[in-house]
Amino acid sequence: MFKPRLQGLSAALCTALLLPVGAHALDGQHIMVHGGSNPAVLPCISCHGADGKGMAAAGFPRLAGLPADYIVKQIQDIKTGKRLNPVMKAMSDVITDDELRAVADAYAALPKVNVAAVETAALVPGSGAWIALRGAWDRNIPECTLCHGPSGLGVGNVFPPLAGQPTSYLENQLKSWKGNPPAKVGMRAAKAPANTGITRQNDPNGLMQHIAASLTDAEIKAVAEYFGNLADTTEFFDESQHRLR
Ligand code: HEC
Ligand code: HEC
């Protein structure tokens with residue numbers, strides 16, 4: 001087990017998180033930094049990063065700029081067991097509805113991921129970039145950007161961004177929907193129904209389950225690397241510009 005990393009948080013970063021953005025957001029920022037009213041709700045920043053951009057090395061996801069409704073849905077899905085994760089389950093069980101909404105709103109208010117323009121001219125068929133931008137329609141796999149938006153920046157409240165998430169996190173999620181062959185069933189899968197290794201079943205209409213099951217493990221790795229390597233830029237986020245890509 002890993003220990004939450006609280007050290008190394010500079011005062012400047014803490015202050016940056018505490019900028020007043022309204023009463024609700026203020027509560028949310030308090031939860032991010034100090035945890036919830038129930039001590040089992042740990043400070044989110046200890047795992048999701050002081051800036052909310054996740055921790056790539058540990059595979060902890062980015063929350064900064066994710067839609068508030070998506071965040072709320074994930075915590076509810078983890079609570080009801082549609083998405084299995086022991087670490088987040090302990091917190092999801094005891095966070096109050098008001099705290100959840102406040103912290104979700106506060107994360108949604110942090111900067112969204114932004115990426116530099118993607119070069120699409122020289123795509124190699126079958127590569128991660130190809131699957132991301134062209135799909136594999138011979139196997140009914142749509143391009144990821146069809147739902148996750150140009151450059152994988154996310155669309156509305158339902159389709160989360162893939163750009164900006166750590167590669168290992170993206171790979172884990174796809175494998176959570178796909179399940180593991182029995183030989184590889186590990187701790188994560190132990191509680192899965194019928195030991196299929198499927199630990200995430202919360203996608204509307206099984207959209208992601210179908211896609212993950214149709215991808216080979218090598219393709220999952222490649223497409224996760226593609227989105228994981230789209231670097232966050234500090235460029236001003238211009239939604240109209242991304243729609244053209
Ligand atoms: C001890 C570490 C830890 C702490 C503290 C923590 N998380 Fe997490 N969180 C994780 C891990 C690990 C995952 C990835 C779970 C998985 O692989 O399914 C995660 C996933 C999530 C997700 C799903 C993200 C997505 O893109 O679907 C949300 C939302 C989330 N956490 C919210 C929070 C909030 C809000 C807090 C603070 C109240 C918090 N977390 C505190 C470890 C932590
Ligand atoms: C038909 C629409 C659709 C397509 C196409 C699609 N997705 Fe998704 N994807 C979704 C939805 C909806 C969710 C959110 C599920 C939920 O609520 O938990 C999602 C979630 C995800 C997540 C979890 C993100 C997170 O923060 O936890 C990953 C990873 C993902 N998709 C990868 C992909 C990849 C890779 C492709 C292309 C091979 C792809 N998706 C294509 C609809 C789609």
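My entries follow, from the overall fold down to single residues.

**Ground rules.** This is a predicted model, so I keep in mind that local features need pLDDT of at least 70 and side-chain atom pairs count only at pLDDT 80 or more, while totals for chains, interfaces and linings use all residues. Residues are numbered from 1 along each chain as its sequence is written, and chains are lettered from A and ligands numbered from 1 in the order in which they are written.

**Fold.** I looked up the secondary structure first: the protein chain has 12 helices and zero strands. Here helices (H or I, at least four residues) and strands (E, at least two) are DSSP runs, numbered from the N terminus. I also checked burial, and 35% of the 245 residues in the protein chain are buried. For that, a residue is buried if 20 or more other C-beta atoms lie within 10 Å of its own, exposed if 12 or fewer, and partly exposed in between, with C-beta atoms placed from the backbone. Contacts came next (two residues with C-beta atoms, placed from the backbone, within 7 Å). Of the contacts with a separation of 6 or more, 63% join residues 24 or more positions apart.

**Ligand 1.** I count a residue as near a molecule if its C-beta atom, placed from the backbone, lies within 6 Å of it. Around ligand 1 I find 22 residues, with L42, C44, C47, Q74 and N85 the closest. At least two shell residues come from each of α3 (45-48), α4 (68-80) and α5 (86-92). By type, this shell has 16 nonpolar, six polar and no charged residues. The classes are Ala, Val, Leu, Ile, Met, Phe, Trp, Tyr, Cys and Pro as nonpolar, Asp, Glu, Lys and Arg as charged, and the others, Gly among them, as polar.

**Ligand 2.** Ligand 2 is surrounded by 24 residues, and P142, C144, C147, Q173 and D203 are the closest. I get at least two shell residues from each of α8 (145-148), α9 (167-178) and α10 (207-214).

**Cores.** A nonpolar core is a set of buried Ala, Val, Leu, Ile, Met, Phe, Trp, Tyr and Cys residues joined through C-beta atoms within 7 Å. The largest one holds 25 residues, and A132, A163, L170, L174, V223, A224 and F227 touch the most other members. The helix giving the most to this core is α11, with five residues. Leaving out residues up to four places away in sequence, A224 touches T167, L170, E171 and L174. Another core, of 21 residues, lies apart from it and includes A64, L66, L100 and A104.

**Helix α9.** After α9 comes G179, with a positive phi near 85°.

**Positive phi.** Which residue in the loop between α8 and α9 did I flag? That was S151, not a glycine, yet with a positive phi of about 65°. S151 is buried, with 23 other C-beta atoms within 10 Å. N205, in the loop between α9 and α10, also isn't glycine and has phi near 55°. Is N205 buried or exposed? N205 counts as exposed, with 7 C-beta neighbours inside 10 Å.
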